[in-house]
Amino acid sequence: MTESLNQSLLNLALDIAKTTSDLLVNKRPENMSYESKSTPVDLVTEMDKKAEEHIVQRVQAVRPNDSFLGEEGTAKPVSNPSNVRWIIDPIDGTVNYFYNHPYWAISIGIEVDGEIQVGVVAAPLLHEVYYAVKNEGAYLEHDGKKSKLKTNSGAKLDKALVATGFGYDPERRKKQGAALAEMVALARDTRRAGAAAIDLCYVAAGRLDAYYEFGLYPWDFAAGSLIVTEAGGRVGGLNGEKLGGDWSLAANADLFDVLNFEVSRLKDKYFN
Ligand code: IPD
């Protein structure tokens, strides 16, 4: 039997996530060079760039006509493009990586004909690889043991563990902080761990009930959003919008509308 396109893309992405993990863990320099991006606190390290180059080179070695959207700028024009696009964040949680805090991941989402079909999120220092193929479920491999992912259930925000994140612009952070001050009083508790891709995988794994953030980019959520929906959860923008706008929401399916209601209220109060 021939392997389906999605399955062969998954296998390639898993293998690339593994060699990129090895690079980021074993070649992590003691004195890492870095530059600022959008603001002084928004970092790009030499390893973000090396990891993105590594991923792109590995894909191009076997699939030269695929396109890319990479956090560190890879968007190479391809003369005869295939219908496959790789949306990659070589290090999601760069600040954590820089501090050697283990909550960071390599995030690889793969679109076929404009729709995400495969998602891989590898968190090497957590010894975890999350992955999903459209309509085939979501899985976690932890130290070689594989388990199927399923979100939690329950629609009550005061029984929910809710994560969020902050962008790098101080003015935006003030608004995000003000909104979070209300959310922390409404939810069972809140978390801000510093890597959106892992936060999404944690929703899929039932380690969080919900996640929301203002201002994510496609590479932050491409892989994780498929992993959430394949685990039975819901993702979207605010008020019926698709992911990809200003807001990103993910939750177990029971809780999604409640989360949307509260985040929409907080948006009107703090973000207008
Ligand atoms: C960031 C992380 C963080 C989120 C930020 C993202 P980066 O990604 O996912 O948790 O709050 O909005 O930009 O910059 O580390 O790839």
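**Exercise 1. Determine how helix H5 and helix H6 are oriented to each other, and which residues make the contact.**

Solution. Step 1: helix H5 (residues 196-205) packs against H6 at an angle of about 5°, and their axes are 8 Å apart. Axes here are lines fitted to C-alpha atoms, for helices over the stretch in contact, and angles run from 0 to 180 degrees between N-to-C directions. Helices (H or I, at least four residues) and strands (E, at least two) are DSSP runs numbered from the N terminus.

Step 1: H5 is therefore roughly parallel to H6. The classes are: under 35 degrees roughly parallel, over 145 roughly antiparallel, 65 to 115 roughly perpendicular, and the rest oblique.

Step 2: on the H5 side, the residues in contact (heavy atoms within 4.5 Å) are Ala196, Ala197, Leu200, Cys201, Val203 and Ala204. They meet Asp220, Phe221, Gly224, Ser225, Ile227 and Val228 in H6.

The model is predicted: local features need pLDDT of at least 70, side-chain atom pairs count only at pLDDT 80 or more, and totals for chains, interfaces and linings use all residues. Residues are numbered from 1 along each chain as its sequence is written, and side-chain values use heavy atoms, with hydrogens and water left out.

**Exercise 2. Describe the open sheet that contains strand E10, and the helices that pack on this sheet.**

Solution. Step 1: the sheet has five strands in the order E11-E10-E12-E14-E13, and its pairing is mixed. Two strands pair if DSSP finds at least two bridges between them. E11 and strand E13 (233-236) stand at the edges with a single partner strand each, so one side of each has no neighbour in the sheet. From one strand to the next, the twist averages 15°.

Step 1: E13 and strand E14 (residues 247-252) run antiparallel and are joined by four bridges; Val235 has Ala250 of E14 as its bridge partner.

Step 2: H4 packs on the sheet, where it touches E10, E11 and E12, and its direction makes about 155° with that of E12. H5 also packs on the sheet, touching E10, E12 and E14, at about 150° to the direction of E12.

**Exercise 3. Give the strand order of the seven-stranded sheet, and locate the helices that lie across its strands.**

Solution. Step 1: the order is E3-E4-E5-E6-E7-E8-E9, in an open sheet with mixed pairing. Strand E3 (67-70) and strand E9 (145-148) are the edge strands, each pairing on one side only.

Step 1: strand E6 (residues 115-123) and strand E7 (residues 128-133) are antiparallel over six bridges, and Val120 has Tyr131 of E7 as its bridge partner.

Step 2: helix H1 (residues 5-26) lies across strand E4 (84-92), strand E5 (105-112), E6 and E7, at about 160° to E5. Helix H6 (residues 218-230) lies across E3, E4, E5, E6, E7 and strand E8 (138-142), at about 100° to E6.

**Exercise 4. Locate His127 and Asn135, and state the phi and exposure of each.**

Solution. Step 1: most residues other than glycine have a negative phi, and most peptide bonds are trans. His127 has a positive phi near 60°, and that of Asn135 is near 65°, also positive.

Step 1: His127 is in the loop between E6 and E7 and counts as partly exposed, at 48% relative accessibility. Asn135 is in the loop between E7 and E8 and is exposed, with a relative accessible area of 67%.

Note on methods
Buried < 20%, exposed > 50% of the residue type's maximum accessible area, 1.4 Å probe, protein only.
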